[in-house]
Structures are given as C-alpha cells and as structure tokens.
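Hi,

Here is the structure I promised to pass on.

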Amino acid sequence: MKLVVQVPCLNEEETLPSVLESIPKQIPGIDEIVVLIVDDGCTDRTVEVAKEHGVREFVHHSRNQGLGRSFHDGVVRALELGADIVVNTDGDNQYPQERIADLVQPIINGQADIVIGDRQVDQIEHFSGLKKKLQKIGSKVVNMAAETDLPDAASGFRAYSRESLMLLNTVTRFSYCMETIIQAGNKRMKIASVPIVTNAKTRESRLFKSMPEHIMKSGAAIVRSYMMYKPYAIFVWLTAFFFVLGAIPFVRYLVLWLSGDNGNHIQSLLLGGVLINLAFMSAMLGVISDLIRTNRVLIEDDLEHTKKARFGKSGTEMLRDQTSVAEFDLPHTKARATAQSGETWTTSL
C-alpha cells in the first residue's frame, strides 16, 4: 500500500525542515511513503530545502493560486503516482506529522474513507475566544449541510482513501476543507476523526487578512457547496418565507374590508403582490436548481469513471511505462496550464 504525503507550501523555507523531518519513515500497513511538495508560487528557498531533505516529487505553480487549487493539483499528482492513501498536511508545521500513522489507520483497516485530525480548538492557546466560538459554529453549520458529526470541520490535517478522491471534485479555490466534507457527507462516505494536539504557532495565517474576510469566504464556500447538493432545501425555505410575508398584507386588507373600513389600502395589495411574486420566483429557481443538481450528479458519475480509467492501478502502471523514457529525458515535463491562473507543472527527480 502506497501513501503520499502532500505538503502545500508558500515560502516555507524556515518551517519545512521540521515538517519533513517529523514525517514518519515507516508505518504499519504501508509499504511505501512518498512526500510530495506543492510549490504554490514560492519565491524563497522552499524547493531547494525540500530537495536537500530528499524530496523528489513536486508540483509547481508559477504564481500563488490558493490552497484549494494546491490541494486539487497535489491530489492529481498523488493519484498519478499510484497513491492508495493521500495525507494532506501543511508547510508551516502546525500539525503533528508524527500522528500521520494514527491518521491513516482507520483507512488501512477499512473503517473510514476520510480521516480528519481534530485539533481540539479549545486547547489551542493562540486561538482567541472569538475564534474558538467561530470555529465551533462553522463546524456545526458544515455538519448540518453534510449530515455529519465532526468536531473540527476546518482542520486541514487529513487522510483520504484513493476511492474517496475518485468521488470528490473541488471547486472552491479559497479552501477545500468545508467543501470536501459537504461533498463526502452527501455522498455517504464514512468520515472519522482523530484527536491531535497542534504545534506552536509559527506565523500568521495567509488564507485571510482579517477575521471578517475569513468568515465571508468560509461562509460563501459553505453556501456554495450546500447549494450544489441541496438547492431545493434553500429555495423551499425562501418560497415559504416570501409567501408568508406576502400573505400578511392580503389578510390585513381582507380584515379591514370586512370590518367596513372603506379607506384606500391598495398599498397592502401591492406589497403582498410583490412578495407573492418573489415566492413564485423562488419556487421556479428551486426547480431549475434541482434540475441542475441532477445534471451535475450525472456529470460527476462520468468524472468518476474518467478518474478510475486514468488513475486506476492498471492505468497508472501503463502510464508509467509509456512515459518513463520521457521522464528521464525531460524531468520538467509540463502537466497542465491555465491561462488565467498561471501554469502548473510536475517534477520528478
């Protein structure tokens, strides 16, 4: 069984040695451990430091593309390498890499598809009281959307089985954490948690500049992911909300009319009419969104078959055989390029 530990990095030359040195060299049930560095536009010596510590697999971004894209590209490369399990950690050394062995055991034993390291946010000293509360609220919202019961949905210290990665499709570029849980929960994957204790803080977060920005971006990612799987739930509530509000002015007008009030209350009818129209519009949008959801499910089925054809064990071996000569002759072969987000390529040393 092959384990790929991917480490997204953005200028982590100071902390990366501690990360690489603490990654286990042997794990029961694992035959091979490969470390993959995702260079998300580093401008310091991160890549050189990784090579000095024996890392041979890299994914390079010509400029910073965000954690979500780094996770996506790292997973693609890990699957190309034939990974049975992929562990995602961080280059700032906030996670205890020595616990990777505990993180992958539920997958090895067939007890889980995804395992998340529970940071036990109440015990994190550098988290303010407000941040701890927001972390808990965020986890509750994600659990409601995913129908799960996870104590720390925002933790990025995770292990994924090969099969789970075939089913997950990340869209958000800010952070993949919330989105993958909501997807996995709605696809009825088994998600487990392992309590961990984080290392001391080494730097400020680069995902967001302020707490309001973090709340807005995380909230947007949760809403988008939720609407991808349960759009009808949102639009049913909107329809009911506008319908009830629209009925109130009509009831008021009827009561006044029956009581003999001959005054001019056309404004009530106008307001009620506008709100009722909004209710019907919400209902129609709900129908359209549900049809789009159905279409997306069919597309995801095709993506699953495509991934299995591309990254299946036999497919991987064939790919290696076909590209072995090219890899030796041209070690910096480009894997893909995007016009808007910069270029991405992989390196095998």
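Contact, as I use it below, means heavy atoms within 4.5 Å. Helices (H or I, at least four residues) and strands (E, at least two) are DSSP runs, numbered from the N terminus. Buried means under 20% relative accessible area, exposed over 50%, and partly exposed in between, with a 1.4 Å probe and protein chains only.

Before you dig in: this is a predicted model, where local features need pLDDT of at least 70 and side-chain atom pairs count only at pLDDT 80 or more, while totals for chains, interfaces and linings use all residues. Residues are numbered from 1 along each chain as its sequence is written, and side-chain values use heavy atoms, with hydrogens and water left out.

Let's start with helix α4, residues 100-108. Its buried residues are Ile100, Ala101, Leu103, Val104, Pro106 and Ile107. The cover over them includes strands β1 (2-9), β4 (85-88), β5 (114-118), β6 and β7 (191-195). After α4 comes Gly110, with a positive phi near 75°.

One of those covering strands, β6, spans residues 158-161 and holds Ser161. Ser161 counts as buried because its relative accessibility is 4%. Leaving aside residues up to four places away in sequence, Ser161 touches Asp84, Ile107 and Asp113. Ile107 is also among the buried residues of α4.

Now for β1, where 8 of 8 residues are buried. Lys2, Val4, Gln6 and Pro8 point one way, Leu3, Val5, Val7 and Cys9 point the other way, and all are buried.

Which strands does β1 pair with? (Two strands pair if DSSP finds at least two bridges between them.) β1 runs parallel to β2 (residues 32-40), joined by 8 bridges, and Val4 sits opposite Val34 in β2. β1 also pairs with β4 in the parallel sense, over 4 bridges, and there Val5 stands opposite Val87.

Together, β1, helix α1 (residues 16-22) and β2 form a right-handed β-α-β unit. Right-handed here means that, with the strands pointing away from the viewer, the path from the first strand over the helix to the second runs clockwise.

In the model, residues 232-254 are 100% helix and 0% strand, with end C-alpha atoms 32 Å apart. Residues 266-288 are 100% helix and 0% strand, and the end C-alpha atoms there lie 33 Å apart.

Cheers
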